[in-house]
Amino acid sequence: MARRIDICAQDLPQVDLSLVESENLSPLTSSVSARVHGITKGGVEVILKQAFIDGFHVLMDVHNTTQKLVQITLPGEGGEAPEGLRLWGDIVRFNRLEGSSGACFLVELVWIKDKPVKEARARLLKRLARLHKGGGEKSA
């Protein structure tokens, strides 16, 4: 029999995540730590401990027509300013998962194609891939 992996308890690299407005990408919430579970072709999967950030539910509920976009901030390397390490995505999947220590939430994002510009975006995606492969800070 195959052994099940407890995704909620895995030690994964961290990024900061916050909700932003769809019009101008200004922050709606403060940031929380999210763990990078996987990188897909056009986005990323992160694990959150809670479904809410500053009282905002991460998933758009069926009665709310406001699109929820997410800003991912990668940890800096060599004193880089965090402003240059941001990627933005649209939530396409949100699942509650049960782990041995309680629930966690898997959030899948698809990158917004024009933010940031192509060259900066490619550089940030390479950094995110390095972080995911084990080159970055692990969660506590």
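Which residue in β8 does Arg-96 stand opposite?

A: Arg-96 stands opposite Phe-105 in β8. The model is predicted, so local features are given only at pLDDT of at least 70 and side-chain atom pairs only at pLDDT 80 or more, while totals for chains, interfaces and linings use all residues. Residues are numbered from 1 along each chain as its sequence is written, and side-chain values use heavy atoms, with hydrogens and water left out.

β7 (86-99) and β8 (102-111) form a hairpin with two residues between them. The two strands are antiparallel and share 10 bridges; strands count as paired if DSSP finds at least two bridges between them. β7 also pairs with β6 (69-73), again antiparallel, through five bridges. In that pairing Val-70 stands opposite Gly-89 of β7.

These strands belong to a chain with eight strands and one helix, in the order β-β-β-β-β-β-β-β-α from the N terminus. Helices (H or I, at least four residues) and strands (E, at least two) are DSSP runs, numbered from the N terminus.

β6, β7 and β8 are among the elements that give two or more residues to the largest nonpolar core, which has 25 residues. Such a core is a set of buried Ala, Val, Leu, Ile, Met, Phe, Trp, Tyr and Cys residues joined through side-chain atoms within 4.5 Å; buried means under 20% relative accessible area, with a 1.4 Å probe and protein chains only. β8 gives the most to this core, four residues. Val-107 and Ile-72 are among the residues with the most contacts inside the core, as are Val-15, Leu-17, Val-46 and Leu-128. Leaving aside residues up to four places away in sequence, Ile-72 touches Leu-109 and Trp-111, and also Arg-86 and Leu-87, among others; a contact means heavy atoms within 4.5 Å.

Over the whole chain of 140 residues, 38% count as buried. Of the contacts with a separation of 6 or more, 57% are between residues 24 or more positions apart.

As for confidence, pLDDT (the predictor's confidence in each residue, from 0 to 100) averages 78 for the chain, and 77% of the residues score at least 70. Over residues 136-140 pLDDT stays under 50. Where pLDDT is low, the predicted coordinates should not be read in detail.

Notes. Buried < 20%, exposed > 50% of the residue type's maximum accessible area, 1.4 Å probe, protein only.
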